[in-house]
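Okay, everyone, let me put the structure up on the screen. Have a look at the sequence too while I talk.

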Amino acid sequence: MEEEKAIPFDDVAMLPQPGDTAAACKHLLPGGTRILLPDGTGRSVTLAAPCLEGYRFAVRSVEDGAEVLSWGLPFGTAVGRIRPGDVLVNAKAAAALSESESADSAVAQAKSAAGMVLGGGNSTQGSDACK
């Protein structure tokens with residue numbers, strides 16, 4: 001089976017500041033999407049879950065207790081290790097997704113991922129990661 005080619009970063013996401021650890025999706029991306037990072041190294045990340053338009057995903061690891069950065073500002077504090085490709089979800093947004101009546105399969109998958117978000121403030125899918 002051939003490995004899926006990585007999508008160019010600028011086609012699907014934006015990294016407002018070079019030091020940011022979180023990128024924002026330009027449109028809905030399914031879980032498993034491979035995205036070529038904008039650092040010129042040829043490295044890529046694979047989304048751990050669907051990422052909705054405007055939501056964020058990690059482009060670098062963030063250690064427990066470290067700040068997650070977006071727009072050069074703290075977006076949350078890791079309460080567990082965040083891995084590149086983890087989809088970051090604000091707890092309020094996760095609750096709204098859980099209450100949504102949408103039948104769209106990608107949104108339903110995002111709602112399922114949001115169901116794994118824990119903690120208050122900001123959180124991340126898959127790793128109990130931000131508060």
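So, leucine 73: you'll find it in strand E8, which covers residues 73-77. Keep in mind that this is a predicted model. Is Leu73 buried or exposed? Its relative accessible area is 52%, and exposed means over 50%, so leucine 73 counts as exposed.

Trp71 sits in the loop between strand E7 (67-70) and E8. Check its backbone as well: phi of tryptophan 71 is near 60°, a positive value in a residue other than glycine.

Now for the inside. In soluble globular proteins, nonpolar side chains tend to be buried together. Here the largest nonpolar core has 16 residues, and the ones touching the most other members are Phe9, Ile35, Leu47 and Phe57. Helix H1 (9-12), strand E3 (22-25) and strand E9 (87-90) each bring at least two residues to this core. Apart from that core there's another one, with eight residues, including Ala58, Val62, Val68 and Phe75.

Last stop, a sheet. Which order do its three strands have? It's E1-E4-E5, in an open sheet with mixed pairing. Strand E1 (7-8) and strand E5 (44-46) are the edge strands, each pairing on one side only. E1 runs parallel to strand E4 (residues 34-36), and two bridges link the pair.

Conventions
Residues are numbered from 1 along each chain as its sequence is written. This is a predicted model: local features need pLDDT of at least 70, side-chain atom pairs count only at pLDDT 80 or more; totals for chains, interfaces and linings use all residues. Side-chain values use heavy atoms; hydrogens and water are left out. Two strands pair if DSSP finds at least two bridges between them. Helices (H or I, at least four residues) and strands (E, at least two) are DSSP runs, numbered from the N terminus. Buried means under 20% relative accessible area, exposed over 50%, partly exposed in between (1.4 Å probe, protein chains only). A nonpolar core is a set of buried Ala, Val, Leu, Ile, Met, Phe, Trp, Tyr and Cys residues joined through side-chain atoms within 4.5 Å.
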